[in-house]
Amino acid sequence: MTTKEIADKTVQVNEEGFMTDPNEWTQDIAAAIASEEGVSELTPEHWKVIDYSREVGLESGSAPTLRNITKGAGVPTKELFGLFPKGPAKKVAKISGLGKPEGCV
Amino acid sequence: MKNLLILGAGTAGTIVANKMRRLLDNDEWRITIVDQHETHYYQPGFLFIPFGMYSKNDVIKPKRDFIPQGVELIMSPIEAIEPENNRVRLAKDGRILNYDFLVIATGAHTHPEETPGIKENGWHKDVFDFYTIEGAVALAKHLRTWQGGRMVLNVVENPIKCPVAPLEFLMLADWFFYEQGIRDRVEITYATPLPGAFTKPIASKHLGDILEEKGVKVVPEFYIERVDPDAKKIVSYEEQELEYDLLVTVPLNMGADVIGNSGLGDDLNFIPVDKHTFLSPKYDNMFVLGDAANLPTSKAGSVAHFAVDCFSENFLRYIDGLDMLPTFDGHANCFIESGFGKGLLIDFNYDVEPLPGKYPLPGIGPFSLLQESEMNHWGKMLFRWLYWNTLIKGEEMPLPARMTMAGKWDK
């Protein structure tokens with residue numbers, strides 16, 4: 001486990017930069033990770049997705065699937081790919097301070 | 001008389017019926033189990049059917065054979081679950097069943113119709129699934145005379161039943177085509193919405209390249225939008241296209257329709273429950289076991305079996321007014337066929353990822369964790385006998401329900 005300084009705060013991350021403790025997350029951290037991931041500005045539409053993912057992720061312990069986000073946050077799948085281009089599932093999880101989406105093995 | 005009502009006579013429901021009939025007093029408890037289908041499927045066996053290793057007869061038996069004396073089996077679709085009134089409405093004769101305690105074990109099912117193009121003109125011609133008996137048998141017939149080409153295996157979305165089955169399918173396919181003498185004419189591609197075939201750090205370290213070594217191309221983070229059955233290609237939301245001559249799909253998995261219609265489920269009709277006791281947070285006499293539950297562990301028979309072990313002890317405490325213990329730890333234990341007569345084994349729970357080691361006896365095995373061996377393959381093959389003769393009848397298995405770290409090392 002390593003630590004990384006994001007938005008003036010030291011947080012725990014895995015080797016790919018996914019935060020491992022969702023409680024260390026702040027909105028400033030989200031913005032900083034987003035810009036690293038090529039999402040330069042977080043609009044209200046982005047926040048709708050992030051806020052929903054945080055809510056679900058803290059409850060269940062893992063990042064929601066795209067289908068869950070689509071239904072739960074009411075953002076169509078195509079739009080999700082527009083908001084978080086190139087792998088929205090991974091990007092939303094990373095920006096929301098939730099672990100990397102995983103299978104069982 | 002108190003009524004324990006079980007919905008679903010699949011793996012979880014059948015084990016519950018058997019265990020509870022033994023544990024509960026016949027004079028005090030009436031146990032009823034409801035299911036709409038007569039046939040019990042040994043679902044782990046579906047994987048072997050496309051490759052001619054099992055036939056249909058190897059994986060089917062009548063459900064009635066496994067329901068013990070003293071449990072009433074009612075064959076009927078379920079119209080609605082009404083937990084506010086402690087009753088269930090059946091489709092057959094408009095019958096109403098009242099209960100004191102309810103166990104929901106209605107499972108998970110595939111929904112190919114949720115992805116445009118899957119169930120259209122290519123269905124069971126060059127588009128197949130292997131999670132249903134019909135799909136597995138149709139694919140077996142197709143593969144017998146297939147001359148090779150591009151085979152694409154696509155997982156539509158997670159969670160799916162038996163999350164390792166797609167990996168096993170790929171490795172068995174590699175072996176099958178080799179035996180058929182056409183491996184050099186088959187291109188195998190695996191398109192998954194996950195970031196890779198293996199995502200857990202230690203499993204990735206030990207097994208990371210096993211698919212590539214077998215010549216399987218992995219396309220990660222592929223979110224399918226639609227199948228184009230005329231152009232024979234699958235298209236992702238990012239407009240990435242993969243052409244196929246044979247598409248094997250693992251369609252979206254969802255809980256039973258009656259769960260959604262009764263307003264009990266999440267967006268995929270899986271029911272939220274306490275992850276250690278299976279008690280519904282909304283209704284204090286409703287439990288959910290097996291694939292029907294919305295739990296962060298694998299949807300698999302081994303999990304259902306360990307879960308019912310934990311549940312039955314807790315249920316006896318609960319009806320005596322004692323607090324339930326948070327015993328269930330998410331324990332899963334899965335053999336993974338890796339082809340050429342070998343297999344892998346993984347053992348994990350909510351908190352501990354699959355680790356290398358020996359199982360079930362520390363240092364001895366006979367099974368090896370996270371490592372290919374012939375013994376693991378034979379374990380998987382013997383398991384079918386154990387399933388029909390021991391597990392499903394709720395008899396003691398020589399495996400502890402909770403995961404143990406003994407015999408494992410964490411690197």
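This is a predicted model: local features need pLDDT of at least 70, side-chain atom pairs count only at pLDDT 80 or more; totals for chains, interfaces and linings use all residues.
Residues are numbered from 1 along each chain as its sequence is written, and chains are lettered from A in the order in which they are written. Local features need pLDDT of at least 70 and side-chain atom pairs count only at pLDDT 80 or more, while totals for chains, interfaces and linings use all residues, and side-chain values use heavy atoms, with hydrogens and water left out.

**Exercise 1. Describe the interface of chain B and chain A, including its salt bridges.**

Step 1: Begin with the residues in contact (heavy atoms within 4.5 Å); chain B gives 28 residues and chain A gives 20 residues.

Step 2: The size of an interface is often given as the accessible area lost when the parts come together. Here the buried area (accessible area, 1.4 Å probe, that the two parts lose on being put together, summed over both) is about 2100 Å², and carbon and sulfur atoms give 59% of it.

Step 3: Count the salt bridges, each a side-chain nitrogen of Lys or Arg within 4 Å of a carboxyl oxygen of Asp or Glu; five of them lie across the interface. One pairs B:K200 with A:E102, where the closest N and O atoms are 2.9 Å apart.

Step 4: On the side of chain B that touches chain A, α4 (201-207) and β22 (342-348) of chain B each supply at least two residues; helices (H or I, at least four residues) and strands (E, at least two) are DSSP runs, numbered from the N terminus.

Step 5: Another salt bridge joins B:E239 to A:K78, with the closest N and O atoms 2.9 Å apart. This pair runs from the loop between β16 (233-236) and β17 (241-243) of chain B to helix α4 (residues 77-83) of chain A.

**Exercise 2. In which order do the strands of the open sheet that holds β11 of chain B stand, and which strands are at its edges?**

Step 1: Two strands pair if DSSP finds at least two bridges between them, and five strands of chain B form an open sheet with parallel pairing, in the order β11-β18-β12-β13-β14.

Step 2: The edges are β11 (127-128) and β14 (216-219) of chain B; each has a single partner strand, so one side of each is left without a neighbour in the sheet.

Step 3: Within the sheet, six bridges join β12 (residues 149-155) of chain B to β13 (residues 186-191) of chain B, and B:V152 has B:T189 as its bridge partner in β13(B).

Step 4: Helix α3 (residues 165-179) of chain B lies across β12, β13, β14 and β18 (246-250) of chain B, at about 175° to β13(B), where axes are lines fitted to C-alpha atoms, for helices over the stretch in contact, and angles run from 0 to 180 degrees between N-to-C directions.
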